[in-house]
Amino acid sequence: MAETITATQANTRLLGAGEIALIDLREPGPFSEGHPLFAVPCPFSLLETSIGALVPRLSCPVLLLDAGDGIAVEAASILAGMGYTDVAVIAAGAPGWAAAGLTLYKGVHVPSKTLGELAELALHPRPLPPERFAQWRDEGRRFLFFDTRPASEHAEMTVPGAVCLPNGELVHRIDSLPAGAPIVLTCAGRTRGIVGATSLSLFDPDREVWWLEDGTQGWCLAGRDLVRDNAVAPLPGVDAEMTRNRAEAFMAEHALALITAKALWAELGDPGRTTFVFDVRDSAEARADRIPCAKGAPLVTLVQATDRYIGPRRAQVVLVDDLGVRGALGAFWLRALGHDVAVCRIDAALRSLPSREFPAPKLPFAPRIAAGTALQTVAEGKAMLLDLRGSSDHMAGTVAAAVWCHRAALQVPPPGIAPLLIGDGTARAELAAATLIARGRTDVQIVEGGLPALRTAGAQIVPGQELDLDEAVDIISFAHGRHSGNADASRLYLAWEKGLVAQLSAAERAQFLM
């Protein structure tokens, strides 16, 4: 039985010394409406398949937070079955956290977002208001204009004229860009623009660098249009010698650590320390030259959404890079988030290190049922279809009478009515089946082939039940719609970013080395 602790005790542990992971088991919607500052999202729906990458060391202390609904107790039992040895449940979940007078932060990736705001206050990158930038364009002023986000986000929408050059790649390739012209950077809001402008100024202080204030959202709020469905240009080349020299100078200036492959291998073998290894090169580079012991994590994403990759506070992180600029830049930002970071240059010794094994679930077998048989059983009143796919997929089309649910809030049919689960190609249905089996249901089955098989078997596909954001908990609800023309949502989001630092307690502020 896992230990139960109060929210105050959990917060003291979290802000103290040593590694510890606060895992928030709620779905993305409730998580985005309020969570502890350093809570790491790991929804119960996919707990077993996600936790191993976030918390790879089984002896790492883990705190579990739920909605006060008892899910954390179930999750603790699951983690114990996977081999985790130091798990505690926070009494009363997120409501208990608030009741203890502790802050619940809205939004997602809050530590990374807060770091960006702290960087603006400490390092003063130059903001360029949308109106002034528009004036520059109208005057025909010469400048370089880059979108610092990943290619997928740039392709979706951006400010007219922006060229995709994500953070990390921008500094890595700066010596291949024309000299003399001012550089303007944009993102979707604030963080990546601030981080990009700050990073470039740190590496190349002679460049005139600006960030477009409030990014695409600020541009829209100023009455301007975005361009959508954008082509992504090839990345500029690299001046290898100058890039390597920049990396070495930056690491020396900021006292950043360099680690060899041999030393890294020793760290990976330490049972009392969690070490993450990330390849921070561009995704295409990493795929073409795979480093077995490292997980691909392009720098722009790793810094923007660190809680997507790293579960424990104060973990050790090793960043793999070829010429070193991206690794050095990542080390600068992740150290400011409280991690122990080093850079490892790619060489033959690093390439020879083997792949790593991560904790994996051992799921009980869930029987399958053919789609045609499932439809017949439902028609006879002997079964109920539970749709475990994403809420958006469910609303777009499902089998008539199928009920949407998720693992933490399963619609359990009465005895004699078998639960038949519709999956989506992930482990959602399998994990929901495991929960039903653990709760004593012996009649649960998964529909073989999911919705496509049901359609082929003759099922009538109709729009699913209409769900609002309170019900569609798998969708981030905070400031929902800010990228699709909802001006009020954009204003809310930007005000939220700007207000993050003011919410920090003194102990929370001390966690950031910025």
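Two residues are in contact when they have heavy atoms within 4.5 Å. In this predicted model, residues 24 or more positions apart account for 77% of the contacts with a separation of 6 or more. The chain has 514 residues, and 54% of them count as buried. Two residues get a closer look below: Glu27 and Arg57.

**The whole chain**

- The secondary structure comes to 23 helices and 24 strands.
- The radius of gyration is 24 Å, close to the 24 Å that the globule rule gives for 514 residues, so the chain is as compact as a globular protein of that length.
- Along its principal axes, the C-alpha trace spans about 75 × 55 × 50 Å.

**Surface and charge**

- The chain has an accessible surface of about 20,500 Å².
- Carbon and sulfur atoms make up 54% of that surface.
- The chain carries 46 positive and 58 negative charges.
- The mean positions of these two sets of charges are 2 Å apart.

**Glu27**

- Glu27 sits in the loop between strand S2 (21–24) and helix H2 (28–32).
- Its relative accessible area is 4%. Buried means under 20%, so Glu27 counts as buried.
- Glu27 and Asp270 are 243 residues apart along the chain. Their C-alpha atoms are separated by 33 Å.

**Arg57**

- Arg57 lies in the loop between helix H3 (47–54) and strand S4 (62–65).
- Its relative accessibility is 12%. The same cut-off of under 20% applies, so Arg57 is buried too.
- The side chain of Arg57 makes a polar contact of 2.8 Å with the side chain of Ser59.
- A polar contact of 3.0 Å joins the side chains of Arg57 and Thr274.

**To take away**

Technical notes
Residues numbered from 1 in each chain as written. Predicted model: local features only at pLDDT ≥ 70, side-chain atom pairs only at ≥ 80, totals over all residues. Heavy atoms only, no water. Helix = DSSP H or I, 4+ residues; strand = E, 2+ residues; numbered from the N terminus. Rg over C-alpha atoms; globule rule 2.2 N^0.38 Å. Buried < 20%, exposed > 50% of the residue type's maximum accessible area, 1.4 Å probe, protein only. Areas by Shrake-Rupley, 256 points an atom, 1.4 Å probe, with all protein chains shown as cover. Lys, Arg positive; Asp, Glu negative; His and termini not counted. Charge placed at Lys NZ, Arg CZ, Asp CG, Glu CD. Polar contact = N/O pair within 3.5 Å; in protein donor to acceptor, adjacent residues only side chain to side chain.
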